[in-house]
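Hi,

Here is the structure I promised to pass on. Have a look at it first, and then read my notes below.

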Amino acid sequence: MTATEFRDYLAQLGLTQTEAAQLLEVDPRTVRRWAEGNSVDIPGPAEHALRAWLGLHRRGLPWRPSDAAAEQI
């Protein structure tokens, strides 16, 4: 996943870099480096999670904890 794809996924999911860091359980600086494309590879698990979340999002299914959807997840 390229930095451009990463930023696009975050935009489509409506996530800030801080929110993405919390959901992916990484440091916000790591997400910033991924988004900037500073020669840092985005690890497979993070990429897979983003792709899965986007697939659920596109289908209108809950994909992240929220007050309304927490029990469904």
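Is Arg-51 buried, partly exposed or exposed? Arg-51 is partly exposed, with a relative accessible area of 36% (buried means under 20%, exposed over 50%, partly exposed in between, using a 1.4 Å probe and protein chains only).

Before the rest, some housekeeping. This is a predicted model, so local features need pLDDT of at least 70 and side-chain atom pairs count only at pLDDT 80 or more, while totals for chains, interfaces and linings use all residues. Residues are numbered from 1 along each chain as its sequence is written, and side-chain values use heavy atoms, with hydrogens and water left out.

Salt bridges

There are two salt bridges in the structure (a side-chain nitrogen of Lys or Arg within 4 Å of a carboxyl oxygen of Asp or Glu). Arg-51 takes part in one of them, with Glu-47, at 2.8 Å from N to O. Both residues belong to helix H4, four residues apart, or about one turn of the helix (helices are DSSP runs of H or I, at least four residues, numbered from the N terminus). Glu-47 counts as buried, at 16% relative accessibility.

The other bridge joins the side chains of Asp-27 and Arg-29, at 3.0 Å from N to O. Here Asp-27 is partly exposed at 31%, and Arg-29 is partly exposed at 48%.

Helix packing

H1 (residues 3-13) packs on H4 (residues 44-58) at about 35°, with the axes 10 Å apart (axes are lines fitted to C-alpha atoms, for helices over the stretch in contact, and angles run from 0 to 180 degrees between N-to-C directions). On the H4 side, the residues that meet H1 include Arg-51, Trp-53 and Leu-54 (contact means heavy atoms within 4.5 Å).

H1 also packs on H3, this time at about 120° with the axes 6 Å apart. That makes H1 oblique to H3 (under 35 degrees counts as roughly parallel, over 145 as roughly antiparallel, 65 to 115 as roughly perpendicular, and the rest as oblique). Ala-3, Phe-6 and Arg-7 of H1 make this contact with Val-31, Trp-34, Ala-35 and Glu-36 of H3. Phe-6 is also among the H1 residues that meet H4.

Glu-25 is not a glycine, yet has a positive phi of about 55°. Glu-25 sits in the loop between helix H2 (17-24) and helix H3 (28-36), and counts as exposed at 73% relative accessibility.

Cheers

Note on methods
Helix = DSSP H or I, 4+ residues; strand = E, 2+ residues; numbered from the N terminus.
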